[in-house]
Amino acid sequence: TRIAVLRERAAGETRVSATPETVKKFIALGASVVVESGAGLSASVSDDEYRAAGAEIVADGAAHGADIVFGVQGPAPELLTGAKPGAWVVAGLDPFAKRARVDAYAAAGVEALAMEFMPRITRAQSMDILSSQSNLAGYKAVLVAANLYGRAFPMMMTAAGTVSAAKAFVMGVGVAGLQAIATARRLGAQVSATDVRSATKEQIQSLGAKPIFVESVKGIEGEGAGGYATEMSEEYQKAQAELVSSHIAKQDIVITTALIPGRPAPRLISDAQIASMKPGSVIFDLAVAQGGNVEGSVPDQVVEKHGVKIVGYSNTPAHLPADASALFSRNLYNFLSAFWDKEQGKPVLDEEIGNAIRLTQGGKVVNERLLG
Ligand code: NAD
């Protein structure tokens, strides 16, 4: 099996889909690995390190003759020229937003496997790029907010007087939100958090933060489909807006992370609510690339409104390229190695995971979530 590691072409993408560590492991499985020159540079990995791990370096066109093509983001179809018929394209394919590209993969005769469709089952946890990348994003969001904040996070008692602790509020307590809570706590902020899933209340408390929950209207009980949220009723949204209005005015830092798979991000903070905050407060909108949780947030810009700084990156994990690449690459290795068939010398997927992540096969789009 020949694995191709492409250099990412998308603007702002600093990550790479294999590291010298995973290259070595794939070679130990019996695969050969070809890496495009410079693929790891922005993640602090040189061509020489890939070579030392056993990879072949090519200038371009790594997909030629490949059985499996790796990307962080989905490669443009023309980068797949020369790949074996039915070759796998394994990457974060953003299938809902990049639907036309999925059709192009089908037309190119490749089998596109969307890593973000990995089911949320215990045995696939180590293969889950959404979790590994969201975790780092939640951490980075707090650091960026802390950096833009003109005050300190921890309470400090100094000879010149006391500095009071920052109040941080995390909205959406999935993987990113939990890490944001933990990071803000480590920096010394007083942290509160909210979600629509009632299961998160205990998780918030266990991290030493205060849960802020709508109690008048029922939220989502239990974990639902794979633990994801769905769109809430109008009644719930109204109750949530009221609750947020009274709470947010007292906050210095707000980190929003709320996402609903396949839908635009829910709007959680309005301009009027921003106006109620103290000047100098900072909001980081982790959902900015999915439409934003915060009114007026713009990808990759610091917008100032009513004296409040609003920030959000279109690709937050790319701001921690080395760790994000290391975890992403391990996700790909954990995935393929779990299905490696020694006799055939290649990975063979089972139905549960295969059907969940396979977007195209035999020239057609085959994934239920895209056809439904
Ligand atoms: P996500 O990125 O899809 O969404 C982030 C959070 O926003 C979620 O907690 C969601 O409930 C919340 N949210 C959505 N709409 C909201 C609203 N209107 N107001 C407030 N909050 C809102 O979520 P995620 O980080 O992918 O995690 C979702 C769940 O999946 C978690 O329980 C997580 O522990 C679980 N999970 C399980 C596995 C596994 O078993 N393999 C892997 C990863 C995550």
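**Entry 1. Strand S5 and its neighbours**

I began with S5 and strand S6 (residues 111-114) in this predicted model. Four bridges join the two strands, and they run parallel. Next I followed the chain from S5 to S6. It passes through helix H3 (residues 99-108), and this β-α-β crossover is right-handed.

Then I turned to S4. S4 and S5 also run parallel, joined by four bridges. Here Phe70 has Val90 in S5 as its bridge partner.

Is S5 enclosed, or is it open? I noted that five of its five residues are buried, so the rest of the structure largely encloses S5.

**Entry 2. The six-stranded sheet**

I wrote down the strand order: S3-S2-S1-S4-S5-S6. The sheet is open and its pairing is parallel. Which strands stand at the edges? They are strand S3 (56-58) and S6. Each has a single partner strand, so one side of each is left without a neighbour in the sheet. Neighbouring strands are turned by 25° against each other on average, with direction ignored.

I checked the S1 and S4 pairing too. Three bridges hold it, in the parallel sense. Val5 has Phe70 in S4 as its bridge partner.

**Entry 3. The nonpolar core**

Val5 and Phe70 came up again when I looked at the core. The largest nonpolar core has 108 residues. Those with the most contacts inside it are Val5, Val69, Phe70, Val89 and Ile255. I listed what Val5 touches, leaving out residues up to four places away in sequence. Among them are Val16, Ala18, Val33, Val35, Ala39, Ala62 and Phe70. Ser17 and Glu36 are also touched by Val5.

**Entry 4. Helix H1**

Which residues of H1 are buried? I found Pro20, Thr22, Val23, Lys25 and Phe26. I then asked what covers them. The cover includes strand S1 (2-5), strand S2 (32-36), helix H2 (47-53) and H9. After H1 comes Gly30, which has a positive phi near 110°.

**Entry 5. Helix H9**

H9 covers H1, so to speak, and I took H9 next. I tested its length. Helix H9 (residues 321-338) has 18 residues; at 1.5 Å a residue it should span 26 Å. Its end C-alpha atoms are 25 Å apart, which agrees.

I then went through its buried residues. They include Pro321, Ala324, Leu327, Phe328, Leu332, Tyr333, Phe335 and Leu336. Ser325, Ser329 and Asn331 are also buried. What do the buried residues of H9 pack against? I found helix H1 (20-29), strand S4 (68-73), strand S5 (88-92) and helix H4 (129-148). Strand S16 (340-341) and strand S17 (346-347) are packed against as well.

**Entry 6. The seven-stranded sheet**

I moved to the other sheet. It is open, with seven strands in the order S11-S10-S9-S12-S13-S15-S14, and the pairing is mixed. Strand S11 (210-211) and strand S14 (303-305) stand at its edges. Each has a single partner strand, so one side of each lacks a neighbour in the sheet.

S10 and S11 pair in the parallel sense over two bridges. Ser192 stands opposite Lys210 in S11.

Which helices pack on this sheet? H4 does, touching strand S12 (253-256), strand S13 (282-285) and strand S15 (308-311). The direction of H4 makes about 155° with that of S13. Helix H5 (residues 175-186) packs on the sheet too, touching strand S9 (167-171), S10 and S12. The direction of H5 makes about 165° with that of S10.

**Entry 7. Strand S13**

I gave S13 its own look. Both of its faces are covered. Val282 and Phe284 lie on one side, Ile283 and Asp285 on the other, and all are buried.

S12 and S13 run parallel, joined by four bridges. Thr256 has Asp285 in S13 as its bridge partner. S13 and S15 run parallel as well, over three bridges. There I noted Ile283 with Ile310 in S15 as its bridge partner.

**Entry 8. Asp103**

Last, I went back to helix H3, where Asp103 has its place. Is Asp103 buried or partly exposed? It has 16 C-beta neighbours inside 10 Å, so it counts as partly exposed. Leu359 is 256 residues away from Asp103 along the chain, and their C-alpha atoms are separated by 9.2 Å.

Definitions and conventions: Residues numbered from 1 in each chain as written. Predicted model: local features only at pLDDT ≥ 70, side-chain atom pairs only at ≥ 80, totals over all residues. Expected span 1.5 Å × (residues − 1). Buried ≥ 20, exposed ≤ 12 C-beta atoms within 10 Å, placed from the backbone. Contact = placed C-beta atoms within 7 Å. Pairing = 2+ DSSP bridges. Right-handed = clockwise from strand over helix to strand, strands pointing away. Axes fitted to C-alpha atoms, helices over the stretch in contact; angles between N-to-C directions. Core = buried A, V, L, I, M, F, W, Y, C linked by C-beta atoms within 7 Å.
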